[in-house]
Each structure stands twice: as structure tokens, then as C-alpha cells.
Amino acid sequence: MDYADRGCVYAAASAVNDDLCTKLWYKCAGDSLYIPKTGDKVFYFVQGHNEQVAIYHQQDPNFEIPNFKLPSKILCVVIAVQLKVHVNTDEVFALVTIIPDPEQQELMEEENDPVDDSLSEVFTFTKMLETSTHAAGLYIPKEHADRCFPTLDMTGQPPMQDLVMKDLHGIEWNFRHIYCDHQKAHYLTSGWSKFVNSKKLVPGDSCIFARGENGEIGIGIRPAMKQDSDIWKTSSTFAPMGVASFAVLTGTMFTVQYYPWITPFEFMIPLKTYVESIERDYPIGTRVRRLSQDEESARRYGTIVGNEDIDPIRWPGSEWRCIKVQWDSKPPNTFTELERVCPWWIEPLGSPKIKGFPILPSSNEDIGSSTKGDYHIVDMEVQGQQHYNTRNDENSIFFIFAFFILLCFFIFVIFVFRPLL
């Protein structure tokens, strides 16, 4: 029974302007993370889903449970996506309904377009709560206050205004926006403590502010990434694989709960992203960087020190976290900067070598096989060298022939003119 049936979540609230609500939801989910859309083709990795569930059961994600003869990845089509927010914690998640692709072999790249930001102009900014005094008031940088809040009357002593913001449940929150002249700073004061206490915010959590074209202001939260959440407590670690196995065998659709901000385990990967990543070669010693829209994460660099199955018994040939990276420095958050990563989480520095193009098993093969697919190897460097050598051979033949003609002419001249000497 999912959360919608239990009545403990709401759909993203329609009380906030639709465009504003959608933008706010995505900002709360995390800018650098992929959220499936209806019609997308994705690879569903049961390993990743199981790891996410196991973490929140405080269990070993490598706990020995059967894989139900599932392949390491399942090509699926997204049927429906519902944006949700938890009623007690304000944690956003999506209910994604997918159906296994019956062919399981078509790897044509498809466009997985980002969220359409052209519906309306929505300005957003994020403010992290950094200290234990976060409940007293919230400092707002001037450039954000000027763009997100109504124009402040600076003739007041002090300049202030009352603001009304709506969260994703449609609940209104009243804040006082004040400008402190001696500090040359903007703050949210009255009402802020009530909001912090109600949402149970702690240092490390982030608040998201969004303003739509009509001046309506939305507010959301993005909790700090942590492992002690109780979201998954009502689920079973066997559920993801059991449901996926039944769907594959019967060709029916199934729904997964997708919490995009909780862990780095994005277990639904766009087809295009997968194809682009798997085409590259990742030999040991390759320098890589972390792929992320977050500036801090995008500056993470490391070296590949291993490339092997994370679970060769149950999931042989799987690309799930198959690459081992030694990062240049100890990351600030070892939970988000894992030593073992997926190919689509990183990017080789320089010009990566193209490895080949993966071919999935044909539709008449056993879909339960988890062996790695065959590859049509295309060594671009070797091909180029062969082409270069062919041209060299042609040039060599030409010069040899020309030298032979010249030598014959020289002998002929000596033979004819020798009696005259």
C-alpha cells in the first residue's frame, strides 16, 4: 500500500499558482537531479532502488536477498508521474508509473527534455540554515530580496513589510521583512520562528523561495541529506524486486516511490544519458570529474582505480556503481561522494575514448539473464591508423616506381653516350 492510499501525502498543492508550484517542487527536489516525465524511456536499476530502501531501513544494502532472476537494468517507458509532498515532513517525492519495454533492445537516443521553464517567469533562490540561531531570523541577500520580495519602502523607520507565502500544501505563512540600516542587510523576523519550529528545521536544511509573475510567493524546504529518515519504514526491502519481477513477467506497469534528493542513488536513468555514458571507456588511471549542476560537486575531481561488478554473484555485468574512484581530497559529505560510482555520475577529463555501442538481448531471449550485453567494438584510433598506413603504402609504391624509371633512364644515357667519351 503506497502513501497515497494511506492518506499521508498530498499532491503538490493547487492552492499555489500551478507554474509557481511546479517550479518550487523541482527546486525542493534538487536542481541537479533527474525527474522522469511522462513518455520518457528510462533504465530502471533495481539495485539502486533496493539500496535506497535498505538505507532507510538501516540495513546493509548488500544484504543477501534473491534477485528474482531480474536483469541488472530494465528498459521502461514512463506512463505517469505524480509530484508529491509528505504531509508531516514536507519532503518532496514522485510517484512514477513505468512499464517494461517489451522489446528491451532498442537503444536509439531519445530526447529527455528538462522541465519547461518557459511557462512563466518564476524567480527562485535557496538559503541554507547554517547556525543554531537560524530560528531567530533569516538573513536574505539584497539581490534576492530585491527580486523575490515586493519593493520595500525605504522611508520607514525601519523599512519593513508583511509578506504572505504559501507552502506546497497551500498553507499560508506570514513573515515580516525588515531592512536593518546599520547592518545594511535584509531579514525575515516575525513569523520565521513559528515556521522553523513547525517544519522542524535544523542547520543544514535549506529553504526555497519562489516568486511568480503575479507576485505570489511560495516557500518550500529541502532537508539536508541524511540517513535517519523514517520515510521508508513502512516498506519492505523485498518490495522493489518483487514488484519489478512481477511486472517484467506479466508485461504490466508498476509504480515506484522516487525520492530524488535523499541519496545519490538515481535508479531511473534517461535512455540518452545511459547511452552517452556507456559509450565511453573508463580504464584505470582515467581522470574524471563529478557530473552535477551543483558548483561544489562539479568541482570534485578524482582518478579511476577500479572497474568491476559491485555484486558479481547476483548482478554480474551490471553498470550500477561499477567504477571505483579515488577522489583528490576527502569530500565534505562521504555519503554523497561515494567511492563507487555509476558511469553516468562522472565524466572523463579531456577527449574520452569511445568504447562501443551496447546491444541489449533480443526480445526472444530470456529477459532474466543478467549477463553483460555484447558490444560492437569500434576502435577509432586503430581505424585512423589503418587509414593513415594505407595512404603511406600508396605513396611508397609511387616513389619506388618513379625511382625505378629514373634509374632506367640513367642507365640508358650511360649506354648510349659511353662510346663518345
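**Surface and whole chain**

I looked up the accessible surface first: the chain comes to about 22300 Å², and 55% of that belongs to carbon and sulfur atoms. Areas come from the Shrake-Rupley method with a 1.4 Å probe. This is a predicted model, where local features need pLDDT of at least 70, side-chain atom pairs count only at pLDDT 80 or more, and totals for chains, interfaces and linings use all residues. Residues are numbered from 1 along each chain as its sequence is written, and side-chain values use heavy atoms, with hydrogens and water left out.

Of the 421 residues in the chain, 45% are buried (under 20% relative accessible area). I counted contacts (heavy atoms within 4.5 Å) between residues at least 6 apart in sequence: 70% join residues at least 24 apart.

**Elements and sheet**

The chain has nine helices and 20 strands (DSSP runs, H or I of at least four residues and E of at least two).

I then traced an open sheet of seven strands, in the order S5-S10-S11-S7-S8-S9-S6, with mixed pairing (at least two DSSP bridges between two strands). S5 (123-128) and S6 (138-140) stand at the edges with a single partner strand each, so one side of each lacks a neighbour in the sheet.

S7 (160-166) and S8 (172-180) pair antiparallel over seven bridges. Leu 163 has Phe 175 in S8 as its bridge partner.

**Helices across the sheet**

I checked H2 (18-29): this helix lies across S5, S7, S10 and S11, at about 20 degrees to S11. Angles run from 0 to 180 degrees between N-to-C directions of axes fitted to C-alpha atoms. H5 (192-199) lies across S6, S8, S9, S10 and S11, at about 135 degrees to S8.

Notes
Buried means under 20% relative accessible area, exposed over 50%, partly exposed in between (1.4 Å probe, protein chains only).
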